[in-house]
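Where is there empty space in this structure, and what packs the rest?

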Amino acid sequence: MHELGIVVHVINQIEKLAKENKVNKVVELTLEVGEVSGVVKEYFIDAFNWAIKKTEYMKECKLVYITIQGISYCEDCKQTYPTTEYGKECPHCHSGHTYLVTGSDVVIKNFKVE
Amino acid sequence: MSDIKTITVNRSAYADNDLEADALREYLKERGTFLVNLMSSPGAGKTTTLTALINSLKDIYRIGVMEADIDSDVDAISIAKNTGVKSIQIHTSGMCHLDAGMTKSGLDGIDISDLNLVFLENVGNLVCPAEFDTGASLDIMILSVPEGDDKPLKYPLIFQKCDLVIINKIDTIGYFNFDFKKCEETIKMRNKNATIIPISAKTGQGIDQVKQYFIKTITNWKEK
């Protein structure tokens, strides 16, 4: 369900841009999906392939799904570490004063049109 | 052979919603309607808390409620019956959250011209509602004691996003392994600006504190 909500937002943006650019059809879409964005890749792809059938420009659109690693930064020791492995606690100095730098977003990189 | 061209976007999937939410916040500010987004997991006591809170605030503000659910209208009926304020039900048609567009449609549906405080009771869920900005000026979540004190560790985003965390069903704390202090610490670790208020919507404990929080927050918002 969660994946579907994001898919709908992505598709609406692409359909709008496709119309503005007066394209025939969108053949490929590249997305960067963060490891800690809460998106399950398999569900996302299923939802995408279901939802494009109802679009005007994206019926045959291929999805290129790039996973972006979650990286956190520690405010105490000023080092970074992989988030999914260590969570909120810094593995270098065990501080909890950390924040996520990358990996929480879903970014539309580009799309190919005919 | 046909020509294939690449169009670069480089924009977050949430960007269009964020823009819509900002526009909605500005529109509501101009009209003087304060919108509150209330989130929690199913069963944390959103509707009971809202009923108690509305009854304590309805002499001060002209209140409306939008109930968002995947299906049914039991919440809207319950709120209308127990508080007497205007309420509508929004169906999300299977979606697990509300976005700014749906919120705007709900506001148009309830007609906010005579309202200065509107509550949006979001779909019961700790994940998706946190990701989509609704355009509200205040984000609140309710965590209830039986859910456990580890929820801020498991669902960090919603705790990061909320201005106020209400800990409900505090009257049952003796029956559960809920460490209030530990819970408070983990919430503060994720969001040092969060206000935390323990309440019992059933007994009325803490409702006055939430009421005072609202009066202060809305006064500050008006002056901004």
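What follows covers pockets, a cavity, nonpolar cores and one histidine.

This is a predicted model, in which local features need pLDDT of at least 70, side-chain atom pairs count only at pLDDT 80 or more, and totals for chains, interfaces and linings use all residues. Residues are numbered from 1 along each chain as its sequence is written, chains are lettered from A in the order in which they are written, and side-chain values use heavy atoms, with hydrogens and water left out.

**Empty space**

Rolling a probe the size of a water molecule over the atoms shows where empty space is left. The search uses a 1 Å grid over the protein atoms alone: a cavity is a set of points where a 1.4 Å probe fits but cannot get out, and a pocket is an open set with protein on both sides within 12 Å along at least five of seven lines. Lining residues have an atom within 4 Å of a point. Grid points are joined across faces, edges and corners, and a volume is the space filled by probe spheres set on the points.

| Space | Volume | Element giving the most to the lining |
|---|---|---|
| Largest pocket | about 1100 Å³ | α7(B), 5 residues |
| Second largest pocket | about 250 Å³ | α9(B), 4 residues |
| Largest cavity | about 40 Å³ | α2(B), 3 residues |

Helices (H or I, at least four residues) and strands (E, at least two) are DSSP runs, numbered from the N terminus.

The largest pocket is lined by 37 residues. A:Val36, A:Leu100, B:Pro156, B:Leu157 and B:Gln160 lie nearest its centre. Both chains contribute: α3 and β5 of chain A, and α5, α6, α7 and α8 of chain B, each supply at least two lining residues. The lining has 13 nonpolar, 13 polar and 11 charged residues. Here Ala, Val, Leu, Ile, Met, Phe, Trp, Tyr, Cys and Pro count as nonpolar, Asp, Glu, Lys and Arg as charged, and the others, Gly among them, as polar.

The lining of the second largest pocket includes B:Arg25, B:Phe34, B:Asp163 and B:Trp221.

How many cavities of 30 Å³ or more does a search of the whole structure find? The search finds 1. Its lining includes B:Val36, B:Leu50, B:Phe119 and B:Ile166. The lining residues divide into 9 nonpolar, 1 polar and no charged.

**Nonpolar cores**

A nonpolar core is a set of buried Ala, Val, Leu, Ile, Met, Phe, Trp, Tyr and Cys residues joined through side-chain atoms within 4.5 Å. The largest has 32 residues. A:Ile6, A:Val26, A:Leu29, A:Phe48, A:Met58 and A:Phe111 touch the most other members. The largest share of this core, 7 residues, comes from α1(A). Apart from it lies another core, of 30 residues, among them B:Ile166 and B:Trp221.

**A:His9**

A:His9 lies in helix α1 of chain A. Is A:His9 buried or exposed? A:His9 is buried, with a relative accessible area of 6%. Buried means under 20%, exposed over 50% and partly exposed in between (1.4 Å probe, protein chains only). The side chain of A:His9 makes a polar contact with the side chain of B:Asp16 at 3.4 Å. A polar contact is a pair of N or O atoms within 3.5 Å; within protein, one must be able to donate a hydrogen and the other to accept it, and residues adjacent in sequence count only if both atoms are side-chain atoms.
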